[in-house]
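Visitor: I am new to this structure and would like to learn how to read it. Could you guide me through its features?

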Amino acid sequence: MRIGVLGAGQLGRMLALAGYPLANTFVFYDMSGNPSAGIGEVVTDQSGDKAEAFLARVDLVTYEFEHLPVEIAETMARSKPVHPAPRALQVCQNREAEKTLFGRLGIPTPRWQMADSAESLRQAAEELGCPVVAKSNTEGYDGKGQAVLRSPDDAEQAWNAIGHDRLMVEKFVNFSREVSLIAVRSSDGDVAFYPMAENVHHEGILRYSIAPAPRLSRELEEEADGYIRALLHELDYVGVLALELFETDKSLVANEMAPRVHNSGHWTMEGAMTSQFENHIRAVTGLPLGNTAPRGLSCMVNIIGEHGNIKRILELPYAHVHLYDKEERPGRKLGHVNVLADSYEELRWRVENVAQFLPGSPELDCSLTRTSPL
Ligand code: AMP
């Protein structure tokens, strides 16, 4: 199959790396003018008039990036199969649509309201009760376009700092940890789930994903499986879908979803029987899904901003290095290291060993290092 991918970053690169062994080829569609996939063909289309030329080269279309005009995906879907369907893209681009859908499907979320002025932001903060998190309704990622309001008096400043004309205002969730679930649905409607991951963010950027998430109860895992199954069914979804959640006392609250392979699923490259990338390719090309069972315990460590001492990491017998061939820049995702182990204790020790060679790595502050029970 000739697979067209909307977006041309590292997720596309890893989709291609997983797709070539199954005899696929890849063409990327890049609207940013800054493609980094570094593999396959790239159609760069900043003006939006090369969609036809791109479509002529591919058998089907999928995404590795969701912040592109949904009309482009809709137009493409009139002449070639597009998986997942553009509606998934539309929902994920708009927090209000996403949280409304969650609510309709019975998926719990933080309480929220919309605000379209500094005054309505103040009012929402008063009604929900501070602290609240204000987020741009569209175009937000990696914690960008967000502010926490400790008091309704912060409204004016937060409104100006975010600089968008419509915000989602959410009750701040006092979570014990952040977790995510990755599932995949085939074109026949079969669904497979990866074990959930525990995610550690620093300054809005994912730094570590540990899978299977330590000490996650079977009930919560099944609850989350039910939520993502409902989303997959509702969207008649084909491919990988990621759902990010907060774990509180004894329940899960959904934060957001991504209609694509996800950074918190990179551990599956060596840590699962079939990676999220291969399973996405299998799904969108109409093949049976692969086994999602873990091969042991894994932790993915992101390489952010600087490459650090990769040579030293390569000497470690338990570390698998993946580089995206990108220039160093503060906050930029340059690669990741997957660490495997047989026990959580060993995993922690190995991850800390890797992190010492990555400058700026935050402390591994997670359920592996905390003494208090979750
Ligand atoms: P988002 O862009 O919605 O994924 O938010 C980025 C990060 O901000 C999340 O990973 C959380 O760490 C934090 N965050 C977002 N929403 C909330 C919330 N309602 N309560 C507490 N923290 C939040």
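This is a predicted model: local features need pLDDT of at least 70, side-chain atom pairs count only at pLDDT 80 or more; totals for chains, interfaces and linings use all residues.

Visitor: Into which domains is the protein divided?

Guide: The division gives domain 1 (2-82), domain 2 (111-171) and domain 3 (177-370). The C-alpha centres of domain 1 and domain 2 are 34 Å apart.

Visitor: Which residues of the largest nonpolar core touch the most other members?

Guide: Let us begin with the general idea. Nonpolar side chains in soluble globular proteins tend to be buried together. In this model, the largest nonpolar core has 33 residues, and Phe26, Phe28 and Trp267 touch the most other members. Two or more residues of this core come from each of β1 (2-6), α1 (10-19), β2 (25-30), β9 (177-185), β12 (205-211), β13 (239-247) and α10 (276-284). The largest share, 5 residues, is given by α1.

Visitor: Why does this core lie between domain 1 and domain 3?

Guide: Both domain 1 (2-82) and domain 3 (177-370) give residues to this core, so the core lies between them.

Visitor: How should I read the distances between polar side-chain atoms and oxygen atoms of the ligand?

Guide: A pair of N or O atoms within 3.5 Å is taken as a polar contact. In the side chain of arginine 95, an N or O atom is 3.1 Å from an oxygen atom of the ligand. For asparagine 255, the distance from a side-chain N or O atom to a ligand oxygen is 2.9 Å. Glutamate 256 has a polar side-chain atom 2.9 Å from an oxygen atom of the ligand.

Visitor: How much of the accessible area of the ligand does the protein cover?

Guide: On its own the ligand has 480 Å² of accessible area, and the protein covers 89% of this area.

Visitor: Now the backbone. Where are the cis peptide bonds joining histidine 83 to proline 84 and alanine 211 to proline 212?

Guide: The bond between histidine 83 and proline 84 has an omega of about -10°, and proline 84 lies in the loop between α3 (70-77) and α4 (86-92). For the bond between alanine 211 and proline 212, omega is also about -10°. Proline 212 belongs to the loop between β12 and α8 (218-234).

Visitor: What is the phi of glutamate 203, and what is the phi of arginine 215?

Guide: Glutamate 203 is not a glycine, yet its phi is positive, at about 50°. This glutamate is in the loop between β11 (197-202) and β12. Arginine 215, also a residue other than glycine, has a positive phi near 55°, and it is found in the loop between β12 and α8.

Visitor: Are these two residues buried or exposed?

Guide: Exposed means over 50% relative accessible area. Glutamate 203 is exposed, at 70%, whereas arginine 215, at 49% relative accessibility, counts as partly exposed.

Methods. Residues are numbered from 1 along each chain as its sequence is written. Side-chain values use heavy atoms; hydrogens and water are left out. A polar contact is a pair of N or O atoms within 3.5 Å; within protein, one must be able to donate a hydrogen and the other to accept it, and residues adjacent in sequence count only if both atoms are side-chain atoms. Accessible areas come from the Shrake-Rupley method with a 1.4 Å probe; for residues, only the protein chains shown count as cover. A nonpolar core is a set of buried Ala, Val, Leu, Ile, Met, Phe, Trp, Tyr and Cys residues joined through side-chain atoms within 4.5 Å. Buried means under 20% relative accessible area, exposed over 50%, partly exposed in between (1.4 Å probe, protein chains only). Helices (H or I, at least four residues) and strands (E, at least two) are DSSP runs, numbered from the N terminus. Domain bounds come from an automatic or database domain assignment.
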